[in-house]
Amino acid sequence: MTDYVFPPAATPALPVAHSDALFPVRRIYCVGRNYAAHAREMGKDPDREPPFFFSKPGDALAQDGATLPYPPQTEKLHFEAELVVAIGTGGADIPEAQALEHVFGYAIGNDLTRRDMQAVAKDMGRPWDLAKGFDRSAVCGTVHPVSAVGHPEQGPIRLMVNGETKQEGDLSEMIWSIPEVISILSQSVALAPGDLIYTGTPAGVGSLVPGDTCVVEIPALGELTTLIGPRG
Ligand code: MN
């Protein structure tokens, strides 16, 4: 047995529908601006420029139903409802036609963002890492295996804050499809089992404050609930 100078961190993991086994999470990749209306609200032309990616640490994962302390260094904590692809089989340079064979399943995600910190980073040409990849910033629900839900290509994606609808889109409105996203990302990094890919958010992003209840709904996958606690 390997001797470590201190015990290694536990593997972040998600529940899997219809199973007692967990989905072990490795890396978390996110697509920026994958719905035209959201690109427009962020002041960008939604032309079909190649997609770009950012990432969050695997242990930024937060579970369904969790109460998350309001994060430090922001006055503008934003929600982003997203469909999450859970990779089951790794690969590099994956052809689009075979991309879906690499998917284990799908989950509902909330790509929490310190929007004010991101705006400063954009202005100064600095990385987004700490605006996007802070502790508990990657909210993700139960992973639904492809064997149970297939490959969701259309259907509503909604986000409610305290029962009021804030985001409402359709999965069919993605600028880059799931096979395209997998294929293009795999040209930059070799994907591995356990990787998650957040596929972008529809229009309507906005702020969360302490005491809010945020629910993301993709009917084929159920709901994802996040409670915002006091400042940590
Ligand atoms: Mn996002």
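Arg-33 has a relative accessibility of 24% and therefore counts as partly exposed, a class that lies between buried (under 20% relative accessible area) and exposed (over 50%), computed with a 1.4 Å probe on protein chains only. The model described here is predicted: local features need pLDDT of at least 70, side-chain atom pairs count only at pLDDT 80 or more, and totals for chains, interfaces and linings use all residues. Residues are numbered from 1 along each chain as its sequence is written, and side-chain values use heavy atoms, with hydrogens and water left out.

Arg-33 sits in the loop between strand S3 (28-31) and helix H1 (36-41); helices (H or I, at least four residues) and strands (E, at least two) are DSSP runs numbered from the N terminus. Although Arg-33 is not a glycine, its phi is positive, at about 45 degrees. Arg-136 likewise has a positive phi, near 60 degrees. This second arginine, Arg-136, belongs to the loop between helix H3 (129-132) and strand S11 (138-140), and it is partly exposed because its relative accessibility is 37%.

The manganese site comes next. Glu-80 (OE), Glu-82 (OE) and Asp-111 (OD) coordinate the manganese ion at 2.0 to 2.1 Å. Donors are N, O and S atoms within 2.8 Å of the metal (3.2 Å for Na, K and Ca), and water is not among the atoms, so sites may look incomplete. Along the sequence, the donor residues follow the spacing E-x1-E-x28-D. Glu-80 counts as buried because its relative accessibility is 4%, and Glu-82 is buried at 1%.

The hydrophobic interior can be followed through its cores. A nonpolar core is a set of buried Ala, Val, Leu, Ile, Met, Phe, Trp, Tyr and Cys residues joined through side-chain atoms within 4.5 Å. The largest has 40 residues, of which Leu-83, Val-85, Ile-182, Leu-191, Ile-197 and Leu-208 touch the most other members. Elements that give two or more residues to this core include S3, strand S8 (81-87), helix H5 (178-188) and strand S18 (222-231). Setting aside residues up to four places away in sequence, the contacts of Ile-197 include Tyr-29, Val-31, Leu-83, Val-85, Ile-182 and Leu-191, where contact means heavy atoms within 4.5 Å. A second, separate core of 19 residues includes Phe-23, Ile-28, Leu-61 and Ala-86.
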